Amino acid sequence: EEEAEEKEEVASPEPKSKKRKAVVSTQSTGAQLGLGHSYSRCKVKFNVHRVDNMIIQSIALLDQIDKDINTFSMRLREWYSYHYPELIKIVSDNVMYAKVVSLIKSRKELTDEHLPQLEEIIMDSAKAKAVIESAKISMGMDISPIDLINIQSFTSRIIALHEYRSK
């Protein structure tokens, strides 16, 4: 047997100890990989909090949408109040304010013909009439077409986010 080992060592340029280390290293790497995969499968399979994670993510999404609606509404109120400052006191709800601004656009174009649409949005005929009357005597400055386009963009975002959140 010793002669066979000697012949084997002579035939192979690498020493026998390097071959063993290579085999052991390959087996060790394979075993570690298999163990890692098994561990991961078990963690995924038996994760008791998996359903909770989806609920937590959904709640976080709703919170973020609410935060975005409030941020956009704050910017809209600030920007549009230069044009029609009295509207903030009449319409307090953020989404309702965005819908009213989307309908009004420029306060100079607001007429009594818009009253039914305003009543539908505000759901209060006295407030709808107050919006029209205060628009006629508003102390706000004129609004540029570019500002109006940006304001309309904010209103559409707020309304879309609210509708998405309502689903």
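This is a predicted model: local features need pLDDT of at least 70, side-chain atom pairs count only at pLDDT 80 or more; totals for chains, interfaces and linings use all residues.
**The nonpolar core and the helices around it**

Good morning. The largest nonpolar core has 30 residues, and those that touch the most other members are Tyr 80, Leu 87, Val 91, Leu 118 and Val 131. Two or more residues of this core come from each of these elements: helix H3 (50–80), helix H4 (87–90), helix H5 (94–104), helix H6 (115–122), helix H7 (125–136) and helix H8 (145–166). The most is given by H5, with seven residues.

Let me take Leu 118 as an example. Not counting residues up to four places away in sequence, Leu 118 touches Val 100, Leu 103, Leu 110, Met 123, Ala 128, Val 131 and Ile 132.

I turn now to H5. Why is H5 described as largely enclosed by the rest of the structure? The reason is that eight of its eleven residues are buried. These are Val 95, Met 96, Tyr 97, Ala 98, Val 100, Val 101, Leu 103 and Ile 104. The N-terminal end of H5 is capped by Asp 93, with a side-chain oxygen 3.4 Å from the backbone nitrogen of Val 95. After H5 comes Lys 105, which has a positive phi, near 60 degrees.

Next is Ser 106, in the loop between H5 and H6. Is Ser 106 buried or exposed? Its relative accessibility is 10%, and because buried means under 20%, Ser 106 counts as buried. Its contacts, leaving aside neighbours within four places in sequence, are Tyr 80, His 83, Ile 143 and Leu 148. Tyr 80 was also named among the core residues that touch the most other members.

My next topic is the loop between H6 and H7, where Asp 124 is placed. With a relative accessibility of 30%, Asp 124 counts as partly exposed. Asp 124 caps the N-terminal end of H7, and the distance from a side-chain oxygen to the backbone nitrogen of Ala 126 is 3.2 Å.

Finally, I come to H7 itself. This helix has twelve residues and reaches 17 Å from its first C-alpha to its last, close to the 16 Å expected at 1.5 Å a residue. Which residues of H7 are buried? They are Ala 128, Val 131, Ile 132, Ser 134 and Ala 135. The buried residues of H7 pack against H4, H5 and H6.

Thank you for your attention.

Methods: Residues are numbered from 1 along each chain as its sequence is written. Side-chain values use heavy atoms; hydrogens and water are left out. A nonpolar core is a set of buried Ala, Val, Leu, Ile, Met, Phe, Trp, Tyr and Cys residues joined through side-chain atoms within 4.5 Å. Buried means under 20% relative accessible area, exposed over 50%, partly exposed in between (1.4 Å probe, protein chains only). Helices (H or I, at least four residues) and strands (E, at least two) are DSSP runs, numbered from the N terminus. Contact means heavy atoms within 4.5 Å. A polar contact is a pair of N or O atoms within 3.5 Å; within protein, one must be able to donate a hydrogen and the other to accept it, and residues adjacent in sequence count only if both atoms are side-chain atoms. The expected span of a helix is 1.5 Å times one less than its number of residues.
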